[in-house]
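Work through the two exercises below with the coordinates open beside you. Each task is followed by a solution that goes step by step.

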Amino acid sequence: MPPAIETVDLVKEYGELRALQELSLTVEEGEFFGLLGPNGAGKTTFINTLVGLVRKTGGEARVFGYDVEDDYRRARDAIGLAPQEFNVDRFFTIREVLKHKAGYHGVPEDEAADRADEVLKRVGIYDKRDERFDWLSGGMKRRLLLARALVTEPDLLILDEPTAGVDVQLRHDLWELVRELNEEGTTILLTTHYIEEAERLCDRVAIMNEGRKVTVATPDELKQRGTDTIAVRLESAPSVEPELGPYAHETTVSGDRLEVRVDDGGSTAPQLLNDLEAMGHEIADLEITRTSLEEIFVDLTRSEDRTVTRSSADGADEEPPVSREQEREREQEGVA
Amino acid sequence: MLSVGFRALFRREILRFVRRPKNTFMPPAITNVLYFAVFGVILGNRIDQIAGYDYILFIVPGLIVLGAISNAFENASFSIFHGRWNEYIHETLTSPLSYVEMVVAYVGASAVRGLVVGLIIAAVGRVFVPIGIKHGLYLVATMVVITSLFAGFGIIGGLIARDFDDLTVMNQFILRPLVFFGAVFYSLETFEQAWQVNLSLLNPMVYMVDSVRYGLLGYSDLIGVGILPAPYTEFAPLVSLGVLTTGTVLVLAIDVYLFEIGYGLTD
């Protein structure tokens, strides 16, 4: 079977601005794949390229082997998209909206009605079926977007910030639901700002920044790339900073408290304790703190070169726009 | 062409205007009652017959065209633009419908609205004056073609509009003047100067109004002013319909092309 998503050197330019820069990414069938990145990283542009709302400038993009432009009908038929924006038909009740969407995907009218009811029950807003979208609460609107993505029974479900601005209960409900869907065989592409969400749900995550792929790994692999901190409280404050082996990347002393940054806290702690005792220190307490995925994420995205993106150019981003000078610098670096 | 997806979109488009008669069918009905009452009855009694027809009967075809094409245009342009404005047109764009299916569904439904409005105006006119149909098949073909043509223009309007004011500008400042100078309320034979006739013949509305008038009354200005040389003079309505049909196909092809390149629809 071809991958659920496969892009090769995917490029999207808006004039001189490059929203996607030679992005190559593969999501296997059945995977729960996360796309992480700060605002303006190109996550939504990437998704919209797959569903036809953005036309690529260069490169290749396929969904289950179908080119998203040459074979757009089959590619789009495979995808269910729950976008960030509330782009729902306001003229009809939500049940009718779902029936229409299923109809566009070739589901006959009777079956479309059954499916609409089924997904409304599944996301828990069946009793609102005869309401229009505008009358729903924020959380219900979010649920409806998911229902609309599910009504076509997609092989690939794309969730663009599905839990942005929703309460904790709904977030957990949505997590449970998408996990079930994934277990039933649906491939899931999730973009999120919430690192915890990716950590809980995703088999693999790609970190994007400024339209480029920074890395792809499992959440565990990513966490292993970070350093741990072993905090030791000594019975008495050391007069000088202890000289430790090469396993200690950084050592700081504050009174009777010693903090040592190491690659793997669990395996390094016994050696650290031995070394300290050998130096005559008495250990009162010890604590190991693992680097959070969030810290690694911040670290990975902060160190990247900045490149202007459409959202930042539009002023829709928190990040300041890039000056001409910075752009020239990037061009010289061969980035832009 | 008649795939399940196409039917679903076509149905959605039809339901959108059918469920809002106060916005879609009532205004043309009321406006045309006023037209017939004022121009037909009050003023018409003081105007001589035109081309052998009572004035009120003479203006019926033009009013039908005015209502039908305005509504076809308005429906398509509004549906596309409103969908773009609120982004729910993404529901269609992210579906596996072909671009041809999308365009034909939008155009077809808008043409239906134009045809229904045309029928409403004819029914209103019937209250004031008996109306017969001289060339039924020709009339139906003409109405289908011109409502489709303006629905096709409506798609383009809906795609290029940047706000709702643009739609109003298109309808009020382009469409309406062309229709009013399209021999709705007068005959080309009224003109005494040749240049006046020639200038009018540059207005595409003249051909539409004339075609519908020919279908309903059996009278054609284009035959009257001899737009085609003898012995082909009598073929003017058929040529006119042929040209309008060709124009419609061209406009629909442009619509499909715009959908293909995602003009106004995609980033």
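**Exercise 1: the interface**

In this predicted model, chain B and chain A bury about 2900 Å² between them, with carbon and sulfur atoms giving 53% of that area. Determine which residues of chain B lose the most area to chain A, and describe the make-up of the side of chain B that touches chain A.

*Solution.* Begin with the area: B:Glu91, B:Pro96 and B:Asp267 lose the most in chain B, and together they account for 26% of what that side buries. Next, count the contacts, which join 33 residues of chain B to 33 residues of chain A. Between chain B and chain A, 20 residue pairs are in polar contact, both residues being at pLDDT 80 or more. Helices 1, 4, 5, 6 and 12 of chain B each supply at least two residues of the side that touches chain A, and the largest share, 8 residues, comes from helix 1. Finally, sorting the residues of this side by class gives 13 nonpolar, 10 polar and 10 charged.

**Exercise 2: a single residue**

Decide whether B:Ser148 is buried or exposed, and list the residues that it touches beyond four places away in sequence.

*Solution.* First locate B:Ser148, which lies in helix 7 (residues 136-160) of chain B. Its relative accessibility is 13%, and therefore B:Ser148 counts as buried, the cut-off being under 20%. Leaving out residues up to four places away in sequence, B:Ser148 touches B:Val107, B:Ala111, B:Thr248 and B:Leu252.

Key
Residues numbered from 1 in each chain as written. Chains lettered and ligands numbered in written order. Predicted model: local features only at pLDDT ≥ 70, side-chain atom pairs only at ≥ 80, totals over all residues. Heavy atoms only, no water. Contact = heavy atoms within 4.5 Å. Buried area = accessible area lost by both parts, 1.4 Å probe. Polar contact = N/O pair within 3.5 Å; in protein donor to acceptor, adjacent residues only side chain to side chain. Helix = DSSP H or I, 4+ residues; strand = E, 2+ residues; numbered from the N terminus. Nonpolar A, V, L, I, M, F, W, Y, C, P; charged D, E, K, R; others polar. Buried < 20%, exposed > 50% of the residue type's maximum accessible area, 1.4 Å probe, protein only.
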